[in-house]
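Biologist: Can you walk me through this one? Start wherever you like, and keep it plain.

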Amino acid sequence: MTAAFPDVTVVVTAHDAGPDLVARLRHLLDSARFAAVWVMDSASTDGSVAEAASAIPELKVQRFEENVGPCVTRNRGLELATTPLVLWLDDDTEVDAKSISALQDALLASDDRVMAGPSLRFADRRGIVQYEGGVCHYAGQPHMLHHETPAM
């Protein structure tokens, strides 16, 4: 059974994401349904975003003519979202419906919360935290906490 998140727009920041982008996006969409999934193409030259858009017709793509970085693409994704909740992902992030549900539950547990962040591990060093929680800067960049520390 596929999880449904009708109040969530996914915004994926992408730049030369490589051949695994299609598989990551398919995995995301096979495990959950969202109001929309936007791929913010920050001037990719490797064809990965075009390939994903061709392979997965429900994707929405915003292309930037220069590499504007994650802050600009995330903020543009917020502007495009028509839902109360937005899930920011980088092009190399793997996530499942259980994790998304846990983030949504944490966010909605209190009216004074505006952001929830996961504990991320490096794919090639699963015992090391990439970051765990953070605070969101007005420019759209989450400040990473516990960077490069051992996972508990």
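Modeller: What follows is a short tour of a predicted model.

Biologist: Start with the inside. How many residues does the largest nonpolar core have?

Modeller: The largest nonpolar core has 27 residues. Those with the most contacts inside it are V10, L25, F34 and L59.

Biologist: Which elements give two or more residues to this core?

Modeller: Two or more residues come from each of β1 (3-14), α1 (21-31), β2, α2, β4 (85-90) and α4 (97-108). Apart from this core lies another, of five residues, with V11, A36, W38 and M40 among them.

Biologist: Back to V10. What is V10 in contact with, leaving aside its neighbours within four places in sequence?

Modeller: V10 is then in contact with L28, F34, A36, V37, W38, L87 and L89.

Biologist: And α1, which of its residues are buried?

Modeller: The buried residues of α1 are L21, V22, R24, L25, L28, L29 and S31. They pack against β1, β2, α2, β4 and α4.

Biologist: What lines the largest cavity?

Modeller: The lining is made of V12, L21, R24, L25, L28, L89, D90, D91, T93, E94 and V95. By type, six of the lining residues are nonpolar, one is polar and four are charged.

Biologist: Which element supplies the largest share of that lining?

Modeller: The largest share, four residues, comes from α1. Both α1 and β4 supply at least two residues of the lining.

Biologist: You listed R24 and E94 there. What do E94 and R24 form?

Modeller: E94 and R24 form a salt bridge, with the closest N and O atoms 3.9 Å apart. This pair links distant parts of the chain: E94 sits in the loop between β4 and α4, R24 sits in helix α1, and 70 residues separate them.

Biologist: Is E94 buried or exposed?

Modeller: E94 is exposed, because its relative accessibility is 60% and the cut-off for exposed is over 50%. R24, on the other hand, is listed with the buried residues of α1.

Biologist: How many salt bridges does the structure hold?

Modeller: The structure holds five salt bridges. Side chains of opposite charge can pair when their charged atoms come close.

Biologist: D90 was in the lining too. Which side chain does the side chain of D90 meet in a salt bridge?

Modeller: The side chain of D90 meets that of R74, at 2.8 Å from N to O. D90 is in strand β4 and R74 is in helix α3 (residues 69-80), so this pair also links distant parts of the chain, 16 residues apart.

Biologist: And how accessible are D90 and R74?

Modeller: D90 is partly exposed, with a relative accessible area of 32%. R74 counts as buried, because its relative accessibility is 6%, and buried means under 20%.

Biologist: What about R76 and E79, where do they lie?

Modeller: R76 and E79 both lie in helix α3, three residues apart, which is about one turn of the helix. Their side chains meet in a salt bridge, 3.0 Å from N to O. R76 is partly exposed at 28% relative accessibility, whereas E79 is exposed at 57%.

Biologist: Changing topic: backbone angles. What is phi of D16?

Modeller: Phi of D16 is near 45°, a positive value in a residue other than glycine. D16 lies in the loop between β1 and α1, and D16 is partly exposed at 31% relative accessibility.

Biologist: And A43, what is its phi?

Modeller: A43 has a positive phi of about 60°, although A43 is not a glycine.

Biologist: Where does A43 lie?

Modeller: A43 lies in the loop between β2 (32-42) and α2 (48-55).

Biologist: Why does A43 count as buried?

Modeller: A43 counts as buried because its relative accessibility is 11%; the cut-off for buried is under 20%.

Biologist: What is A43 in contact with, leaving aside neighbours within four places in sequence?

Modeller: A43 is in contact with H15, R63, F64, E65, E66 and N67. The C-alpha atoms of A43 and F64 are separated by 5.3 Å, with the two residues 21 apart along the chain.

Methods:
Residues numbered from 1 in each chain as written. Predicted model: local features only at pLDDT ≥ 70, side-chain atom pairs only at ≥ 80, totals over all residues. Heavy atoms only, no water. Buried < 20%, exposed > 50% of the residue type's maximum accessible area, 1.4 Å probe, protein only. Contact = heavy atoms within 4.5 Å. Core = buried A, V, L, I, M, F, W, Y, C linked by side-chain atoms within 4.5 Å. Salt bridge = Lys/Arg side-chain N within 4 Å of Asp/Glu carboxyl O. 1 Å grid on protein atoms, 1.4 Å probe; cavity = no way out; pocket = protein on both sides within 12 Å on 5 of 7 lines; lining within 4 Å. Nonpolar A, V, L, I, M, F, W, Y, C, P; charged D, E, K, R; others polar.
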